[in-house]
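Have the viewer open as you read.

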Amino acid sequence: MNVCVQHISHPSIIAYLAAFSTPTHHALVLEYVSGGELFELVVEQHRRIRVRAARLEGVVRARDVDVDAGGVEGEAEGEEEEEVQLTEEVVRRIWGELCRAVAWMHGVGLVHRDIKLESASPPSISLSRQTK
């Protein structure tokens, strides 16, 4: 199988490892990247903002509260979150990486055709702690 992605080498693009076919499917084997999808990070950030806003208003819906623990699901009391926070700086860096990767692809004659949050990986925690 001749796959043009085997020639892609860019730090912001997941690496191609192999490809194979079965009688009913074609498959690409790509580099494993932990952290899920950028979409999941955006949804989680939105949920946290809604919960904090409700706390400030004194109105926390029953589905957001773990009655046994007395807190909000997914947040341990007094525990610092180790997740990437979508600050303006982090969003600018994500956008910059995406633009540089797409520009590089266009420069070598490739088009993605399916760019979306689900196709992007969130940055590692070290990205949010780096300085400019």
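## The hairpin

β1 and β2 make a hairpin, with 4 residues between them. The two strands, residues 16-21 and 26-30, run antiparallel and are joined by 5 bridges. Strands count as paired if DSSP finds at least two bridges between them. The labels follow DSSP runs numbered from the N terminus: H or I of at least four residues for helices, E of at least two for strands.

As for who faces whom, alanine 19 sits opposite leucine 28 of β2, while tyrosine 16 has leucine 30 as its bridge partner.

## What we're working with

This is a predicted model, so local features need pLDDT of at least 70 and side-chain atom pairs count only at pLDDT 80 or more, while totals for chains, interfaces and linings use all residues. Numbering runs from 1 along each chain as its sequence is written, and side-chain values use heavy atoms, leaving out hydrogens and water.

## Leucine 30

Leucine 30 belongs to strand β2. How exposed is leucine 30? It is partly exposed, at 43% relative accessible area (buried is under 20%, exposed over 50%, partly exposed in between, with a 1.4 Å probe and protein chains only).

## Helix α1

Just after α1, glycine 58 adopts a positive phi of about 80°.
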